[in-house]
Amino acid sequence: MASGVPVRIDIADKHFGATPLFEDLKLEIPAGEVLALIGPSGVGKSTLLRMVAGIDTDFTGTVEVDGKSPEKAPLPGFVFQDPRLLPWETATGNLRVVNPELSVEEAHKLLREMGLEGYEDALPGELSGGMQRRVALARSLAVAPGLLILDEPFVSIDRKLVRELSALIGEVIESYGPTVILVSHEPEDAARLADRVILLDGRPAQVAEDRRIEAPRGSRDDAAIRAETARIAGEETE
Ligand SMILES: Nc1ncnc2c1ncn2[C@@H]1O[C@H](COP(=O)(O)OP(=O)(O)OP(=O)(O)O)[C@@H](O)[C@H]1O
């Protein structure tokens, strides 16, 4: 697995029709940082993720992932709001679709790390919702990403499963060390996982807040997470 790569965002102009989404937006994300991107609905968080992933190239300015434009950089790992697995491929097959060079053994190892031993040959329809999300997480790691993009990976699942998946993502971050951009509407996710929180606000969107979370990622106790959750929730509603 590649270790984290730096990301540099310098967007001169991004708009949809007459709506200016970003003008002169600059962000630097150092290698290995876990950045939580927060902000009101519609501010442009998902659009920014798509621009960083090279899916949306319709803008002026530059985005660099490890010094290259996103289209030329190695594929990032991307976890979407829903698992988006191919229903006709097994769990193993879904991993190998995004990286055909991944061996069956390597795919099985990733699935095992996500707690899916024994389900390697299961089709998505035979797996629970939580298991499908774990396959999607394994799939994001199948490209050995230097950059992992998480776009509301915990949306519309119950809180217990959120805890479980969030802990799993925390372990993935610790053991693989990718640079991470996380978008989540749950302040607690950022409070648990992130090193830094950026609040986007306004139209065009500006960086309204940019700060580090003081307690180091690995050593936050429940009280620190609760305090940080409250702080982030306050920033989001200001
Ligand atoms: N393909 C598109 N064509 C036109 N407008 C779009 C397109 N994609 C997004 N938009 C608009 O751009 C704005 C930003 O959308 P985006 O999904 O990036 O916001 P967001 O911050 O991720 O919102 P949410 O938190 O609700 O997911 C919204 O007003 C949305 O309607």
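The dialogue below goes through some terms used for this predicted model.

Modeller: Residues are numbered from 1 along each chain as its sequence is written. As the model is predicted, local features need pLDDT of at least 70 and side-chain atom pairs count only at pLDDT 80 or more, while totals for chains, interfaces and linings use all residues.

Biologist: Why is H4 called roughly parallel to H5?

Modeller: The axes of H4 (residues 129-141) and H5 (residues 159-176) cross at roughly 15° and come within 11 Å. Axes are lines fitted to C-alpha atoms, for helices over the stretch in contact, and angles run from 0 to 180 degrees between N-to-C directions. Angles under 35 degrees count as roughly parallel, so H4 is roughly parallel to H5.

Biologist: Which residues of H4 meet H5?

Modeller: Gly-130, Arg-133, Arg-134, Leu-137 and Leu-141 do. Contact requires C-beta atoms, placed from the backbone, within 7 Å.

Biologist: What makes a residue polar, nonpolar or charged?

Modeller: Ala, Val, Leu, Ile, Met, Phe, Trp, Tyr, Cys and Pro count as nonpolar, Asp, Glu, Lys and Arg as charged, and the others, Gly among them, as polar. The shell around the ligand has 3 nonpolar, 6 polar and 1 charged residues.

Biologist: Which residues surround the ligand?

Modeller: Among them are Phe-16, Gly-42, Lys-45 and Thr-47. A residue is near a molecule if its C-beta atom, placed from the backbone, lies within 6 Å of it.

Biologist: Which helix gives the most to that shell?

Modeller: Helix H1 (residues 45-52) does, with 3 residues. Helices are DSSP runs (H or I, at least four residues), numbered from the N terminus.

Methods: Helix = DSSP H or I, 4+ residues; strand = E, 2+ residues; numbered from the N terminus. Parallel < 35°, antiparallel > 145°, perpendicular 65-115°, else oblique. Contact = placed C-beta atoms within 7 Å.
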